[in-house]
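Here is a walk through a protein model, one piece at a time. Keep the 3D view open and follow along.

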Amino acid sequence: MAGTRILIVEDEMVVAMDLEQSLTNIGFEIIGISSTGEDAIFKAKSLNPDLVLMDIMLSGKLDGISAASEIISHQDIPVLFLTANSDKSILDRAKIAGSYGYILKPFSIRELAINVDIAVYKHKTDKELKENDKNLKKLNLLLEDEIEERKIAEYKINNLNEELNQKNKELEQIVYVASHDLRSPLLNINGYARELKAILSTLKSETGKHSIPEELQNKFNELLGNFADDSLDYILKSTRKIDKLVNALLKYSRLGRVEINIKKLNVSGIIDDILKTFDYVIQFNNVQVIKGDIPECLGDELQINQLFSNLIDNALKYLDTERKGIINIYGKSNSDFSEYFIEDNGIGIATEKHHEIFKLFYRLDPGKTEGEGIGLSIISKIINKHHGTIKIKSQVGKGTCFIIKIPNE
Ligand SMILES: Nc1ncnc2c1ncn2[C@@H]1O[C@H](COP(=O)(O)OP(=O)(O)OP(=O)(O)O)[C@@H](O)[C@H]1O
Ligand SMILES: [Mg+2]
């Protein structure tokens with residue numbers, strides 16, 4: 001290659017100068033001539049040539065092979081040997097020294113030029129290969145680091161999940177025990193309040209039967225009047241409410257404790273059974289229920305029944321009394337999942353409440369309808385247990401559609 005900067009190491013000055021002349025003539029640049037190995041090492045360091053043309057037999061302490069070894073150990077420079085000796089052991093030494101070949105003297109200048117070009121080219125590609133190799137190794141290390149990091153993250157997530165499951169179980173246990181144990185004191189309060197109400201009414205009727213001094217009568221009226229009666233009614237109403245909430249909590253926490261038994265379910269049949277139980281409400285409110293294609297799914301029969309029961313209950317409960325209620329129930333499926341739509345033309349739910357309604361005991365308008373606000377929490381739990389999803393599309397004044405997806409494997 002024209003412009004290649006060459007250091008010539010040759011102890012016979014005439015040969016060296018002849019080489020310089022010939023190589024310069026064909027476009028190479030001779031940047032230095034050394035006649036000893038020591039000088040060659042020095043010049044290689046200071047001039048940093050593209051190639052060293054090294055005679056093997058040098059006068060002085062170092063021969064060409066030793067000088068080349070020293071140069072190569074510090075610098076990445078290709079060395080091309082020149083030798084008149086074709087002795088195998090010498091040529092083997094030259095190979096071990098890491099040279100880029102040798103040329104046997106006598107040689108033509110054309111032969112030399114070709115060998116110089118080959119050595120420079122080979123050195124360049126070797127360098128690129130080494131660079132690529134280095135980059136590959138770096139990339140490999142980075143990848144290995146990333147894999148390691150991912151493994152650690154996965155491990156942490158698994159641990160956290162396990163912790164979360166454990167905490168959930170503990171929480172369920174606490175809710176279960178608390179709600180279970182609340183029931184007997186609640187029954188006591190309810191029982192004694194009833195008894196007090198009975199005593200109050202007996203006292204009232206007894207005092208009416210006898211003539212007693214006016215002052216005493218007034219005192220009785222003050223104590224046994226409406227206030228006592230109303231207070232007891234309030235206590236009884238509150239205990240009924242607490243009882244309902246406690247029952248709801250028990251139902252919710254039990255759900256987390258039961259084992260599920262997954263099998264292929266005839267969801268269409270399940271929905272028919274549910275609709276029968278709502279028959280009275282449907283007829284009474286003149287609701288039109290349209291049932292389309294309903295695919296099978298893989299699930300726990302009791303829980304899937306509960307899921308659709310709660311959704312149909314809501315669809316009926318939150319219809320708009322101002323217009324005829326219409327409820328559409330349909331579905332579709334593929335090999336991955338079964339999807340169900342429960343669509344009503346009821347009062348609808350404001351977008352900002354779409355997440356809220358899944359919270360335990362959350363109700364949008366508690367005064368208007370009966371309920372504990374637990375139906376959708378139960379649905380969420382069932383969906384989770386089945387690794388499914390629930391989505392809601394709703395518009396106030398137009399209606400609501402709940403979309404359930406349950407995986408088929
Ligand atoms: N189809 C629907 N249309 C309009 N609002 C709905 C619908 N379904 C649920 N909601 C709203 O979401 C709230 C929570 O529903 P959820 O089923 O959890 O409880 P609930 O029906 O009030 O009581 P429960 O189901 O415990 O008897 C309801 O109070 C209601 O405000
Ligand atoms: Mg409900």
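**The cores and the sheets**

Start with the largest nonpolar core: of its 30 residues, Ala-40, Val-52, Leu-53, Met-54 and Leu-80 touch the most other members. A nonpolar core here is a set of buried Ala, Val, Leu, Ile, Met, Phe, Trp, Tyr and Cys residues joined through C-beta atoms within 7 Å. Buried means that 20 or more other C-beta atoms lie within 10 Å of a residue's own, exposed means 12 or fewer, and partly exposed is in between, with C-beta atoms placed from the backbone. At least two residues of this core come from each of β1 (5-9), α1 (13-25), α2 (37-47), β3 (51-55), α3 (64-74), β4 (79-83) and α5 (109-209). Apart from this core lies another, of 20 residues, among them Leu-311, Ile-327, Leu-376 and Ile-406. In soluble globular proteins, nonpolar side chains tend to be buried together.

A word on bookkeeping: this is a predicted model, where local features need pLDDT of at least 70 and side-chain atom pairs count only at pLDDT 80 or more, while totals for chains, interfaces and linings use all residues. Residues are numbered from 1 along each chain as its sequence is written, and chains are lettered from A and ligands numbered from 1 in the order in which they are written. As for the element names, helices (H or I, at least four residues) and strands (E, at least two) are DSSP runs, numbered from the N terminus.

Now zoom in on Leu-80. Not counting residues up to four places away in sequence, Leu-80 touches Leu-51, Leu-53, Met-54, Ser-99, Tyr-100, Gly-101, Ile-103, Asn-115, Val-116 and Ala-119; contact means that the C-beta atoms, placed from the backbone, lie within 7 Å. One of these residues, Leu-53, stands opposite Leu-80 in β4. The strands β3 and β4 pair in the parallel sense over four bridges, and two strands pair if DSSP finds at least two bridges between them.

Step back and you'll see an open sheet of five strands, in the order β2-β1-β3-β4-β5, with parallel pairing. Its edge strands, each pairing on one side only, are β2 (29-34) and β5 (102-104). On average, neighbouring strands of this sheet are turned by 20° against each other, direction ignored. Helix α1 lies across β1 and β2, running at about 170° to β2. Such angles run from 0 to 180 degrees between N-to-C directions, and the axes are lines fitted to C-alpha atoms, for helices over the stretch in contact.

Next, find the open five-stranded sheet with the order β7-β9-β10-β12-β11, where the pairing is mixed. Here β7 (288-291) and β11 (389-395) are the edge strands, each pairing on one side only. Follow β10 (residues 337-344), which runs antiparallel to β12 (residues 399-407) and is joined to it by eight bridges. Seven bridges join β9 to β10, also antiparallel, and these two form a hairpin with three residues between them. Ile-342 is a handy landmark in β10: it is the bridge partner of Ile-329 and stands opposite Phe-402 in β12.

Which residues make up the covered face of β10? They are Ser-338, Tyr-340, Ile-342 and Asp-344, while Phe-337, Glu-339, Phe-341 and Glu-343 form the uncovered face. In a regular strand the side chains alternate between the two faces of the sheet. Helix α10 (residues 301-317) lies across β9 (326-333), β10 and β12, at about 20° to β10.

Of the 22 residues around ligand 1, Tyr-318, Leu-364, Gly-371, Gly-375 and Leu-376 come nearest, where near means a C-beta atom, placed from the backbone, within 6 Å.

Most residues other than glycine have a negative phi, and most peptide bonds are trans. A cis peptide bond, with omega about -5°, joins Lys-105 and Pro-106; Pro-106 lies in the loop between β5 and α5. Asn-48, in the loop between α2 and β3, has a positive phi, near 45°. His-387 has a positive phi of about 55°, and this residue counts as exposed because 11 other C-beta atoms lie within 10 Å.

Notes:
Contact = placed C-beta atoms within 7 Å.
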